[in-house]
Structures are given as structure tokens and as C-alpha cells.
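Visitor: I would like to learn how to read a structure like this one, feature by feature.
Guide: Then let us look at it together.

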Amino acid sequence: MEVGDGSGEAAEGERIADGLPVVDPAEAAAEVGPEETLLVSGFGGVGYPKAVPEALAADGREKALTVVSGGGVGDEIDTHLVESGSMARRYPFQTKPTSREAINSGTVAFHDRHISRVADELRYGGLVDADTAIVEAVSVGENWLVPSTSIGNTPAFVEAADRLIVEVNAAQPRSLSAVHDVYTRTKPPERGPIPLVDPVGRIGAPEIGFDPSKLVAVVETDRPDDPYTFREPTSVDREIAAHLASFLSAEIERNPLLEERVALQFGVGSTGNALLEALSEVEFGGREVVYFGEVIQDGLLDMLDAGALAGASATSLALSADGQERFFASIERYAEDVVLRPADVSNAPALIDRFGVVGVNSAVEVDLYGNANATHVGGTHVVNGIGGGGDFSRSCPLGIVALPSTAAGEISRVVPMVPHVDHTEHDHSVVVTEHGVADLRGLSPRERAEALVGVADPAFREALDEYRERAERGGGNVPHDLETALSWHVEWGE
């Protein structure tokens with residue numbers, strides 16, 4: 001298949017090349033069978049199709065759809081499709097209360113995956129047999145499309161699906177192509193290393209190519225993404241950030257991996273965005289600082305504008321309304337330092353290791369031995385999904401879990417034993433709360449337990465210490481009193 005360069009087929013100023021099957025959303029939705037597997041673009045709540053999923057939710061047909069996304073998407077998919085009873089199964093990540101409630105009630109089946117694995121599992125089997133990909137673009141030609149505000153797993157979705165529906169969104173600037181770097185990995189066992197030698201270098205093209213015979217519909221839309229809303233940092237956020245900044249300042253001076261360049265990753269969300277603010281307090285000593293992660297947040301734009309960041313690589317623009325306006329107004333300028341990649345490149349374990357990324361992610365809770373639960377409250381009720389946190393935690397030379405020591409000031413987030421494990425004690429090195437830093441490197445399980453009690457909320461330290469001492473009387477390398485450990489969660493669940 002010959003891939004266009006994103007500029008030849010559609011004339012300057014036009015978004016849709018001549019001769020393509022342009023239809024309204026209802027006609028496009030009619031192309032989708034009642035029990036199909038849909039692959040939808042989107043990551044970080046942006047760059048997802050809006051009109052066709054909304055038409056599917058409203059068309060009155062009885063459906064049992066399987067929906068796969070690259071990351072978080074909007075209400076049109078994870079609220080309206082669920083409320084209409086059209087969604088039967090969901091992969092591998094969601095963020096909306098409606099979909100979360102349906103999953104936890106068992107109405108919608110859910111399967112969680114590491115983001116970096118989804119592309120290969122769709123291309124080569126192991127996840128689902130894909131029927132139709134519905135993706136958002138800023139322009140489309142006979143055999144190419146330019147994604148909008150996220151890339152995510154869209155290249156793999158377009159490749160894996162039998163049919164393709166493209167929503168061309170006039171609310172997104174065509175100049176977004178300037179930040180895209182679409183690189184497709186070859187099939188194993190012929191697959192070689194990803195040829196990226198600089199965290200913000202470019203190895204691909206601005207567009208995604210596709211087989212023209214797959215394209216069944218093009219829909220014109222003019223609907224912006226719902227902007228990300230970042231809450232104001234709390235006093236706890238600021239205390240966590242201060243401890244993180246102090247730790248990073250010392251680590252940069254002592255760790256040979258960071259003597260020339262510091263590559264950082266932060267989890268998406270208000271806490272992650274607040275932690276980015278703390279970087280202004282870090283003494284980088286003239287070292288180059290880059291971001292290599294999943295999402296571009298407002299805090300990264302602040303750093304770029306201040307000259308504190310050499311560049312940022314991600315797969316999505318998860319920006320506030322102000323951040324979107326700021327970025328869209330100066331795309332060509334930001335494109336010198338910002339690049340969006342497919343998620344199997346942005347989250348590739350080999351690249352995270354190659355660039356020596358320092359990853360900072362959150363969790364629901366951690367236990368006394370360093371295991372982290374990032375996805376399930378009480379070990380049973382899913383929040384969002386593991387997303388890319390596992391890709392970074394297990395691949396970073398220095399993985400950090402940053403979280404408040406309590407939930408709502410009443411429930412300890414440092415517990416004897418997590419009831420669900422997403423990141424094992426082997427996956428990360430440091431835990432930071434508002435009460436300090438627990439550096440777990442080189443510590444035995446008993447030593448880790450003592451260090452983690454030290455960053456728990458003071459109201460729970462005595463109980464944790466009593467647990468630790470009682471468990472140690474039973475012996476073992478990782479001492480546990482299982483009945484007491486599980487009672488913490490039973491009590492809170494009530």
C-alpha cells in the first residue's frame with residue numbers, strides 16, 4: 001500500500017479529498033452491525049470520535065458492542081453508549097462514572113491491559129477480532145488520514161479493522177499535523193529496535209496510511225474536545241510536590257544516570273499536573289530536561305514557555321480549555337519541541353529504559369512491602385484501569401509512586417497488604433506522600449515496611465507498626481498476618 005504524505009490528495013484549505021464517501025452520522029452508524037467490535041480513537045479524553053458514537057447510541061437498535069479505545073474518551077462513548085444499553089464489553093481503559101458503574105455492576109464486561117501491548121494484540125491476535133475502526137482526524141485522503149489531538153493506538157486500529165469510518169473535525173486545526181510522528185513497528189520476529197535515539201526526535205510521518213478499500217464513510221463534524229479540567233492543587237498536593245522536588249534535587253546530584261539529561265514522566269491528572277509545578281524547585285544544574293510520557297498537560301506548556309524544558313514527547317494533548325487555546329494559537333512554535341507518537345512508541349518499554357526515564361505515577365494505595373494497587377478500590381471496584389502506569393513503573397530505571405497518605409482524610413492509603421496488585425514491589429523504587437519519601441532501593445521486605453510506616457499518616461502509624469511487629473513474630477521473608485491484613489479492607493468496605 002502506498003501511503004500519502006498528508007498533503008497531496010486534499011487541496012490546501014480542504015480537509016476531505018474529492019471522491020470520498022461523505023455521509024451524515026446516522027448513515028455512518030448504520031454501517032455498524034449490532035454485535036460488532038469497534039475500535040475508537042482517543043487518548044487522555046481527547047481526539048475521539050463524537051458524532052458516530054452518539055448516533056449509534058440514539059439509533060434505537062438493540063446492540064451488544066465491544067468497544068476498544070487507546071485510552072480515555074468522552075461521554076459520547078463511555079456515557080451515552082452505555083446508557084443506551086449498546087455496550088457489552090469494554091477494553092482497556094475508561095474514565096467516566098457511567099461506564100465505571102456498569103463495569104462494577106457486571107453489566108459491561110471489562111478487560112484491563114498495559115497500553116503498550118494493545119497495538120500488537122490487535123494486529124496479531126490475542127485481544128479481539130476487530131470489525132470497524134471509528135477515528136477522528138483533521139483531514140483525510142484516499143489512503144491517509146491525519147489524526148487530531150491524540151494518536152494513541154489509532155495506527156493499529158486502522159490496520160487491524162476490516163472497515164474504517166473517519167470523522168473529520170473542523171474544530172481541530174489542520175496544523176496539528178506538525179506535531180505528529182507516526183511510526184509503525186515491523187512484525188516480529190523481523191522486528192528491530194525502534195530507531196529513536198533522542199526523546200523528542202522524529203522517525204515517522206504526520207499521517208496514518210490505510211487500505212482505501214476499508215474506507216466506508218467520512219463524517220464531517222465541528223465539535224471540540226471537552227477540555228481537561230485540572231482542580232487547584234491542595235495543600236497535600238503541594239506537600240507531596242515539595243518532598244518530590246527535594247528528593248529529585250538530591251538524586252540528580254548522586255545518580256550517574258542523570259548526570260547529562262533528566263527525562264521525566266508524570267501520570268495524567270490534577271495530581272500529576274500539580275507535581276509538574278514542583279519542578280521549578282528542582283536544581284537541575286544545567287542538565288537538559290525532557291518529558292517522555294503519555295500526555296502533554298498544561299504544566300508542560302508552562303515549562304516549555306519558561307525555557308525549563310528542552311522538549312516533550314507523548315501520545316495525547318490532555319489540556320485545559322486555556323491550554324488548548326494557547327497550544328492551538330502557536331502550534332508551529334510548539335511543534336519545534338513537542339511531538340505526538342503512537343502509544344506503542346510513547347510507552348515502549350525499550351525506549352523508557354533507553355532514555356533512563358524517571359517515572360512518577362500515582363496509586364489507590366501501597367502496602368508495607370511496596371506493592372501498589374492503582375486500579376481497584378477495596379480490591380474489587382475498578383476506578384479507571386492500569387493505563388500506561390505499568391509500562392513506566394516496570395521499565396523506568398527510577399520509578400516513583402506519589403500519593404496522599406489518606407483517602408478523604410479517613411482511610412489510610414498505606415496498608416498492610418493491598419487487596420489488588422498492579423505494580424509489584426519489584427516495579428518501582430520510591431514512594432512519596434505528604435509526610436516524606438520512602439526510598440525502598442536495596443531494602444529487605446522488613447526494612448521496606450519500616451520505611452513505609454514512616455510516610456503513612458501519623459494517625460495510622462501506630463496501628464501499622466503494631467501490625468508489622470505482630471506479622472514479624474510469625475517469621476518469613478515477607479511477614480504477614482493475613483487475617484488482620486484483610487480486616488483493614490473489610491472494615492473500610494463497611
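**Reading the cavity, sheets and helices**

Guide: The largest cavity holds about 30 Å³ of space. Keep in mind throughout that this is a predicted model.

Visitor: How many cavities of 30 Å³ or more does the count give?
Guide: The count comes to one cavity of 30 Å³ or more.

Visitor: Which residues line the largest cavity?
Guide: The lining consists of N255, L257, L258, G356, V357, V358, P397 and L398. Sorted by class, six of the lining residues are nonpolar, two are polar and none is charged.

Visitor: Let us move to the sheets. What is the strand order in the open sheet of eight strands?
Guide: The order is β15-β13-β11-β10-β16-β21-β25-β26, and the pairing is mixed. At the edges are β15 (338-340) and β26 (436-439), each of which pairs on one side only. On average, neighbouring strands of this sheet are turned by 20 degrees against each other, with direction ignored.

Visitor: Do β10 and β16 run parallel or antiparallel, and how many bridges join them: what should I look for?
Guide: Strand β10 (residues 261-266) and strand β16 (residues 358-361) run parallel and are joined by three bridges.

Visitor: What is the order of strands in the open sheet of three?
Guide: That sheet reads β18-β17-β24, again an open sheet with mixed pairing. Its edge strands are β18 (372-373) and β24 (414-415), and each pairs on one side only. Strand β17 (residues 365-367) runs antiparallel to β18, with two bridges between them. Here V366 stands opposite A372 in β18.

Visitor: Now the helices. What describes two packed helices?
Guide: Two packed helices are described by the angle between their axes and the distance between the axes. In this model, helix α16 (residues 445-453) packs with helix α17 (residues 458-473) at an angle of about 170 degrees, and their axes are 10 Å apart.

Visitor: Why are α16 and α17 called roughly antiparallel?
Guide: Angles over 145 degrees count as roughly antiparallel. The angle here is about 170 degrees, and α16 and α17 are therefore roughly antiparallel to each other.

Visitor: Which residues of α16 and α17 meet?
Guide: From α16 come R446, A449, E450 and V453, and they meet R461, L464, D465, R468 and E472 of α17. By class, the residues of this contact of α16 with α17 are three nonpolar, no polar and six charged.

Note on methods: Residues are numbered from 1 along each chain as its sequence is written. This is a predicted model: local features need pLDDT of at least 70, side-chain atom pairs count only at pLDDT 80 or more; totals for chains, interfaces and linings use all residues. Side-chain values use heavy atoms; hydrogens and water are left out. On a 1 Å grid over the protein atoms alone, a cavity is a set of points where a 1.4 Å probe fits but cannot get out, and a pocket is an open set with protein on both sides within 12 Å along at least five of seven lines; lining residues have an atom within 4 Å of a point. Grid points are joined across faces, edges and corners, and a volume is the space filled by probe spheres set on the points. Ala, Val, Leu, Ile, Met, Phe, Trp, Tyr, Cys and Pro count as nonpolar, Asp, Glu, Lys and Arg as charged, and the others, Gly among them, as polar. Two strands pair if DSSP finds at least two bridges between them. Helices (H or I, at least four residues) and strands (E, at least two) are DSSP runs, numbered from the N terminus. Axes are lines fitted to C-alpha atoms, for helices over the stretch in contact, and angles run from 0 to 180 degrees between N-to-C directions. Angles under 35 degrees count as roughly parallel, over 145 as roughly antiparallel, 65 to 115 as roughly perpendicular and the rest as oblique. Contact means heavy atoms within 4.5 Å.
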